[in-house]
Amino acid sequence: MLIGETEWTISGRYTGRSDIPLTTNGEKQVSSSASVIVGPGKIVDPSRIAHLFVSPRTRAQRTYELLFDESSRKNLEKSYETTEDIREWEYGMYEGLLTAQIRAARKERGLDKERPWNIWVDGCEEGETAAEVAARLDRIIAKIREIQGPYMYGEKAVDVVLIAHGHILRAFAKRWIGFELSRSLPMMLEPGAIGVLSYEHHKVSEPAFLLGVNMGASDES
């Protein structure tokens with residue numbers, strides 16, 4: 001689940017470690033999504049959740065509070081985990097900047113003579129490389145497969161929910177299907193929206209995107 005909008009996401013500024021709160025509209029985005037996707041028999045059914053990974057940033061924590069009512073949050077206490085492994089990409093020198101500003105500054109320093117800066121390939125100065133991001137996401141993926149692997153035929157409800165940020169969730173999707181972060185895979189995920197990942201052929205070794213969601217189904221791992 002992608003968090004709702006902030007003032008910096010509206011302008012396109014890179015928002016990593018900065019603890020920017022959701023806007024009023026961002027809270028509405030999440031609440032609106034929650035009314036449609038969260039609840040018994042819905043895509044996110046609290047009774048089917050085996051684990052939640054939530055970014056430590058305030059905007060992610062608030063998204064969690066808006067997604068689940070007080071009763072659900074109480075029932076999910078043992079499944080809930082705040083982890084730095086799903087925080088946003090560490091942008092380092094690029095925190096709070098726009099892509100155009102980053103590329104212009106790098107060009108002035110004599111970098112990127114052959115092609116424009118690309119975060120998926122070049123990472124961030126004084127921040128994280130793509131390899132560092134991939135390593136922490138792979139740790140989460142390993143935990144998820146350990147949780148879900150024994151129950152590929154629905155023997156037990158083992159849904160896992162991640163609540164995090166734009167770049168890191170797109171990076172997660174790439175790593176889920178075994179792509180290097182440098183591999184091009186254009187993806188869009190709107191603030192307050194949900195993306196679903198699953199498996200083919202009931203095999204934990206065959207992770208896949210779930211492109212179409214049956215709104216009446218509730219048995220996907």
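**View 1. An open sheet of 3 strands, arranged in the order S2-S1-S3.** Welcome to the sheet of this predicted model, in which the strands pair in parallel. Its edges are formed by strand S2 (80-82) and strand S3 (159-163), and each of these pairs on one side only. On average, and ignoring direction, neighbouring strands here are turned by 15° against each other.

**View 2. Strand S1 alongside strand S3.** Here we look at S1 (residues 49-54), which pairs with S3 in the parallel sense over 5 bridges.

**View 3. Helix H7 lying across the strands.** Helix H7 takes in residues 130-148 and lies across S1, S2 and S3. Relative to S3, helix H7 runs at about 160°.

View 4. Ser33 counts as buried because its relative accessibility is 18%, and buried means under 20%. Setting aside neighbours within four places in sequence, Ser33 is in contact with Met1, Val38 and Gly192. For Gly192, take a look at the backbone oxygen, which lies 2.5 Å from a polar atom of the Ser33 side chain.

Technical notes
Residues numbered from 1 in each chain as written. Predicted model: local features only at pLDDT ≥ 70, side-chain atom pairs only at ≥ 80, totals over all residues. Heavy atoms only, no water. Buried < 20%, exposed > 50% of the residue type's maximum accessible area, 1.4 Å probe, protein only. Polar contact = N/O pair within 3.5 Å; in protein donor to acceptor, adjacent residues only side chain to side chain. Contact = heavy atoms within 4.5 Å. Pairing = 2+ DSSP bridges. Helix = DSSP H or I, 4+ residues; strand = E, 2+ residues; numbered from the N terminus. Axes fitted to C-alpha atoms, helices over the stretch in contact; angles between N-to-C directions.
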